[in-house]
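The tour below goes from one selection to the next.

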Amino acid sequence: MAGFRSLARQVRDPGCDTALRRYALRKCLERFAPYGHRATWDHLCRRHGFGPEDREADPSRLVAALDELEAARRVWLAYEEEFAERRRREKHDGLRRPDGLDEWHRGIWGGNGVARCDDPAHHPAEPLPEVVGRLVAALRRDPGEHCPVCAGPRIEWRDGPADEPWLGPACEDCGVLIPRAVLTPRALARTRGAGTARLASVA
């Protein structure tokens, strides 16, 4: 199975036909897709001006989309190195029990779905490196009250299995599913309460 860098070389290879270069870009999303596969593909298509099913897209647009994806991946991989080093230090110091952030991180190792969006058409419009950078900054600081990506206050609760990393608080403004560890207990309680109230009104 080809890795991200091998696929990226195919996207940039002028000796490959356009359909293969597009296919290689799509395969890159199986290795790194911050919003999830479908939402990240929708984002790249919109930002770089080619259709989701366009097999004859301008190669320069495909390469520009790859450049954006690679830049976001570098931001995330730098954080993962920092995270792994912190865990090594903690284990060395006898801290073996992972916290909530560690549990979340284990579910998205590699960055696939780090800023997952349930709706493929509802995701942040900003460049991927900027969005991933905002999320990484939130992971490094104390929990907050608002969405770490767009600073929006409208957060809803998505119900589902307790061990499902994609469920929980979601921003109604930008569409990103938010790691629970970056929100304060008060924000989480408010979000859960709003979700319960919505369910009651529907019933």
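Predicted model: local features only at pLDDT ≥ 70, side-chain atom pairs only at ≥ 80, totals over all residues.

**Helix against helix**

Select α4 and α6: these two helices cross in a right-handed sense.

Keep both helices on screen. α4 covers residues 59-92, and it packs against α6 at an angle of about 15°, the two axes being 8 Å apart. An angle under 35 degrees counts as roughly parallel, so α4 is roughly parallel to α6.

Now show side chains where the two helices touch. On the α4 side, pick Glu68, Leu69, Ala71, Ala72, Val75, Trp76, Tyr79 and Glu82. Their partners in α6 are Leu128, Pro129, Val132, Gly133, Val136, Leu139 and Arg140.

**Along α6**

Which residues of α6 are buried? Colour Leu128, Val131, Val132, Leu135, Val136, Ala138 and Leu139 to see them. Turn the view to look down the axis of α6: the buried residues fall within an arc of 160°, so they line one face of the helix. An α-helix has 3.6 residues a turn, so residues three or four places apart point the same way.

The crossing of α2 with α4 is left-handed, whereas that of α4 with α6 is right-handed.

For the contacts, show Thr18, Arg21, Arg22, Leu25 and Cys28 in α2. They meet Pro59, Leu62, Val63, Ala65, Leu66 and Leu69 in α4. Leu69 is also among the α4 residues that meet α6.

**His48**

Next, select His48, found in α3, the helix of residues 37-48. Is His48 buried or exposed? Its relative accessible area is 13%, so His48 is buried. Setting aside neighbours within four places in sequence, select its contacts: Arg61, Ala64, Ala65 and Glu68.

**Zooming out**

Finally, show the whole chain. It holds 7 helices and 2 strands, in the order α-α-α-α-α-α-β-β-α from the N terminus. Of its 203 residues, 43% count as buried. Among contacts with a separation of 6 or more, 63% join residues 24 or more positions apart.

How values were computed
Residues numbered from 1 in each chain as written. Heavy atoms only, no water. Buried < 20%, exposed > 50% of the residue type's maximum accessible area, 1.4 Å probe, protein only. Helix = DSSP H or I, 4+ residues; strand = E, 2+ residues; numbered from the N terminus. Arc of directions from axis to C-beta. Axes fitted to C-alpha atoms, helices over the stretch in contact; angles between N-to-C directions. Parallel < 35°, antiparallel > 145°, perpendicular 65-115°, else oblique. Left-handed = near helix turned anticlockwise from the far one by under 90°. Contact = heavy atoms within 4.5 Å.
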